[in-house]
Amino acid sequence: MIEQERELIRFMAEGDIEEVMDVERDAFSVPWDPAVFHNELTSNQFAHYLVYEYEERVIGYCGLWVVMDEAQITNIAIHSRFRGQKRGEKLLSFAMAFAKQLGAATLSLEVRISNEVAQNLYRKLGFEPGGIRKNYYADNLEDALVMWVKLI
């Protein structure tokens, strides 16, 4: 894992779910239920979740599924109090390297059409637009931009 001073990226454990939910509620208008994270950690053989700790507190997380040679980001978020400090970039870069280590050749994600900040980060790390999912987000039926990056 990555550790610098008081920062650490590590695998998520069930005991992290409460703190992850703080990030989830801060970042998303329709947060996942804690049971979804529990299921992902205990029952989904394709799921891998990482947390970003700062001063021993979870301030971000990233989930990904790796199936054969394809990986998909399920969620990625940094708490709003800690954004704009390259932590999202560090977390996503780590997730990309981890997916590649697991044998993934490509990585995809969906992002709101209106979320230009996230799209700029993804482009910076090599992601390219691949299509649109119409009415993807349940809260306001906003479209999602599908983005892809080749890992190998």
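Biologist: Which cut-offs separate buried, partly exposed and exposed residues here?

Modeller: This is a predicted model. A residue is buried under 20% relative accessible area and exposed over 50%. A value in between is called partly exposed.

Biologist: Is R123 buried, exposed or partly exposed?

Modeller: R123 is found in helix α4. Its relative accessible area is 38%. Since buried means under 20% and exposed means over 50%, R123 is partly exposed.

Biologist: Which residues does R123 touch, not counting residues up to four places away in sequence?

Modeller: R123 and V149 are 26 residues apart in sequence, yet their C-alpha atoms are 9.0 Å apart in space. With residues up to four places away in sequence set aside, R123 touches P129, L145 and M147.

Biologist: Which residues of helix α4 are buried, and why are they on the same side?

Modeller: Helix α4 covers residues 116-124, and its buried residues are A118, Q119 and Y122. They are on the same side of α4 because they cover an arc of only 100° around the axis. The face turned away from that buried side carries the exposed residues E116, V117 and N120. The buried residues asked for are A118, Q119 and Y122.

Biologist: Which residues make the contact of α1 with α2, and how many are nonpolar, polar and charged?

Modeller: From α1 the contact uses I17, V20, M21 and E24, and from α2 it uses P34, F37, H38 and L41. By class, these are six nonpolar, one polar and one charged.

Biologist: Where does K86 lie, and what is its phi?

Modeller: Most residues other than glycine have a negative phi. K86 is not a glycine, but its phi is positive. K86 lies in the loop between β5 and α3 and is exposed, with a relative accessible area of 51%. Its phi is about 70°.

Biologist: What is the phi of N135?

Modeller: N135 lies in the loop between β7 (128-133) and β8. With a relative accessible area of 48%, N135 is partly exposed. N135 is not a glycine, and its positive phi is about 50°.

Biologist: Is E142 buried or exposed?

Modeller: E142 is found in the loop between β7 and β8. Residues up to four places away in sequence aside, E142 touches R112, I113, S114, N135, Y136 and Y137. Its relative accessible area is 15%, so E142 is buried.

Biologist: What is the relative accessibility of V146?

Modeller: V146 is found in strand β8. Beyond its neighbours within four places in sequence, V146 is in contact with several residues, including L109, E110 and E128. V146 counts as buried, at a relative accessibility of 6%.

Technical notes:
Residues numbered from 1 in each chain as written. Predicted model: local features only at pLDDT ≥ 70, side-chain atom pairs only at ≥ 80, totals over all residues. Heavy atoms only, no water. Buried < 20%, exposed > 50% of the residue type's maximum accessible area, 1.4 Å probe, protein only. Helix = DSSP H or I, 4+ residues; strand = E, 2+ residues; numbered from the N terminus. Arc of directions from axis to C-beta. Contact = heavy atoms within 4.5 Å. Nonpolar A, V, L, I, M, F, W, Y, C, P; charged D, E, K, R; others polar.
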